[in-house]
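The sequence and the structure come before the discussion.

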Amino acid sequence: MKLNFKINSRIFGFGILLFMLMAGAVLAEETATALAADPVAAAAPVLTVDTGDTAWVLISSALVMLMTPGLAFFYGGLVRRKNYLNVLMQCMVILAALSVQWVVFGYSLSFCPGSKWIGGLDWMMLKGVGLEPYGDYSATIPHQAFMIFQAMFAVITPALIIGAFAERMKFSAFLVFTLLWATFVYDPVAHWVWGVGGLLRDMSWMGLPGFALDFAGGTVVHVNAGIAALVTALIIGKRKNIDKYPIPPHSLPFSVLGASLLWFGWFGFNAGSALSANGLAVNAFVVTHTAAAAAALTWALIDWRIHGAPTMLGTISGAVAGLVAITPAAGFVGIGSALIIGVLVSVFCFAAVSYLKPKLGYDDSLDAFGIHGIGGLWGALATGLFASKVINPAGADGLFFGNPKQFLIQVAACLITISYALIVTWILYKIVDAVIGVRVTEKEEAIGLDLTQHNENAYTILE
Amino acid sequence: MKMIIAIIQPHRLEAVKEELYKVEVNLMTVSEVLGHGRQKGIAEVYRGFKETGNLLRKIRLDIAVNESFVQPTIDAIRKGAKTGEVGDGKIFVLDLAECVRIRTGETGVLAIG
């Protein structure tokens, strides 16, 4: 029976990959003919590629790519060493699998003009996504540059959720769950916020004239992944004996390395989201750095006051929380607001991790919800408070700048995202659990996932 | 005086310590060791190269006790370490010839506690 399950899960996983590749192969041929015969491209208004903008977006894409391995080290250092490779592997496989998913159909689902709810399938295999700019998203860089920049966001978002179920999820189940989650949760929500005609890009249907401000993905990336983290942590259950014996991180230096790579990559994430090498990018760069610094310092001080010593883990947790919170606001707020957002995110996340988590009793192993969920939520709401047209005329004013409606829009956008992520994540988890079984056996959990899921060990004792 | 050596599963260490504290055995030396009994370990594969019969991580406890503590110590270790699966480990009991506390120079029964 056990063997059957294993085979099932493999066939399931391979099936999905095969489907993606076959769909791709068929469409690739169509693309070739379509490109040759399509006269529409010539009739469209001429947009010029700006070399500076293109260079910056390509560099930013590479920076954001580095965040996923960075996250791997950040998370990897926090788990026991018997599960270290498993966490690294989950991140690296997401980088591989979702990059494939993205070019085959993910980008099309998110960004192809479609309905309010989801993009279309016309851009599968990047059909029609060429080297000319696409005015609706970016007038000065090749469409494919925008696509590959977005690919890195699609990769890191599901990777964030790993923190919630680390140390106890079967690898096959993880792979299938992640592909489904990216397709049915990330892709639609990205379309709502960023896609042409997306649900949250024009909120007039709710009687709120305007649009949800989300500069670099506070709602799409962090609230979305944070809620998915909470759901998975709640259903998968606690790690064995976690209440009796707290688990110390196996290598905090690795986590510091990972957090540093995240901080570094985040400049691409936020400043790159300007999609131009201009003043707006510089503003995003500066406030991103400022908020991270303020949050890191604040968390260290809170630790010092409450636990008697400033801790390394607290400091890097603060830095990451600060980066999360400033993400939606980076293109709309100034330096003073960035400081406030940074200081307060550490207060909120510290409270969530130290008081809320023990009280509610879920085992979010590496605080994916505590930092990305809570931090992302605060960032999205703070954008509705602190946004200012002085910083970005294309944005909107927030509550503190005389436009209370923007705050309501932010609240509504968060609630919509939370409800959707909550329900669909739950459904996807239950499906995968029924077909494959999500959790490893008690014995596998005890021996460790490196050896039982990957036949490898991170460290040797004897040469 | 006896020397009790126990080889246990790494993930049972905390449970064993807890049981030992309950019977007031607070002094122990813990080391990380490699070994396998009937289990033969789990095969590891590196770039297709398979290493079979790998050694598994185990924890070794060294505990010196006076006669009256021998049975309680053994019971506590068993209670904490047992999962019922192959690989739970072993306990060895050896006669201990002498024991000296470095700081005071005390020897024998006095030095152990």
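## A helix pair in chain A

Two residues are taken to be in contact if their C-beta atoms, placed from the backbone, lie within 7 Å. The model is a predicted one, and in it S317(A), V320(A), A321(A), V324(A), A325(A) and I326(A) of α10(A) meet I371(A), H372(A), G375(A), G376(A), W378(A), G379(A) and A382(A) of α12(A).

The handedness of the crossing of α10(A) and α12(A) is right-handed.

## Chain A as a whole

Chain A has 15 helices and zero strands. Its radius of gyration is 22 Å, close to the 23 Å that the globule rule gives for 463 residues, so chain A is as compact as a globular protein of that length. Taken along the principal axes, the C-alpha atoms of chain A fill a box of roughly 65 × 55 × 45 Å.

Of the 463 residues in chain A, 55% count as buried. Among the contacts in chain A with a separation of 6 or more, 77% are accounted for by residues 24 or more positions apart.

## Chain B as a whole

Chain B contains three helices and six strands, and from the N terminus on its elements run in the order β-α-β-β-β-β-α-β-α. The radius of gyration of chain B is 17 Å, well over the 13 Å that the globule rule gives for 113 residues, so chain B is more spread out than a compact globule. Along the principal axes, its C-alpha trace spans about 55 × 30 × 20 Å.

In chain B, 20% of the 113 residues count as buried. Residues 24 or more positions apart account for 70% of those contacts in chain B that have a separation of 6 or more.

## The contact between the chains

To the contact between the chains, chain A gives 10 residues and chain B gives 11 residues. On the side of chain A that touches chain B, the residues divide into five nonpolar, two polar and three charged.

## Two residues within helices

Q90(A) is found in helix α4 of chain A, which covers residues 84–111. Not counting residues up to four places away in sequence, Q90(A) touches I162(A) and F174(A). The C-alpha atoms of Q90(A) and A166(A) are separated by 9.5 Å, although these two residues are 76 residues apart along the chain.

In chain B, I74(B) is found in helix α2, residues 70–81. It has 17 other C-beta atoms within 10 Å and is partly exposed. Leaving aside neighbours within four places in sequence, I74(B) is in contact with I4(B) and I91(B). From I74(B) to R101(B) the sequence separation is 27 residues, and the two are 24 Å apart in space, C-alpha to C-alpha.

M125(A) is a residue other than glycine with a positive phi, near 55°. Its place is in the loop between α4 and α5 (143–165) of chain A, and M125(A) is buried, with 21 other C-beta atoms within 10 Å.

N455(A) likewise is not a glycine, and it has a positive phi of about 55°. N455(A) lies in the segment after α15 (449–454) of chain A. With 16 other C-beta atoms within 10 Å, N455(A) is partly exposed.

Technical notes
Residues numbered from 1 in each chain as written. Chains lettered and ligands numbered in written order. Predicted model: local features only at pLDDT ≥ 70, side-chain atom pairs only at ≥ 80, totals over all residues. Nonpolar A, V, L, I, M, F, W, Y, C, P; charged D, E, K, R; others polar. Left-handed = near helix turned anticlockwise from the far one by under 90°. Helix = DSSP H or I, 4+ residues; strand = E, 2+ residues; numbered from the N terminus. Rg over C-alpha atoms; globule rule 2.2 N^0.38 Å. Buried ≥ 20, exposed ≤ 12 C-beta atoms within 10 Å, placed from the backbone.
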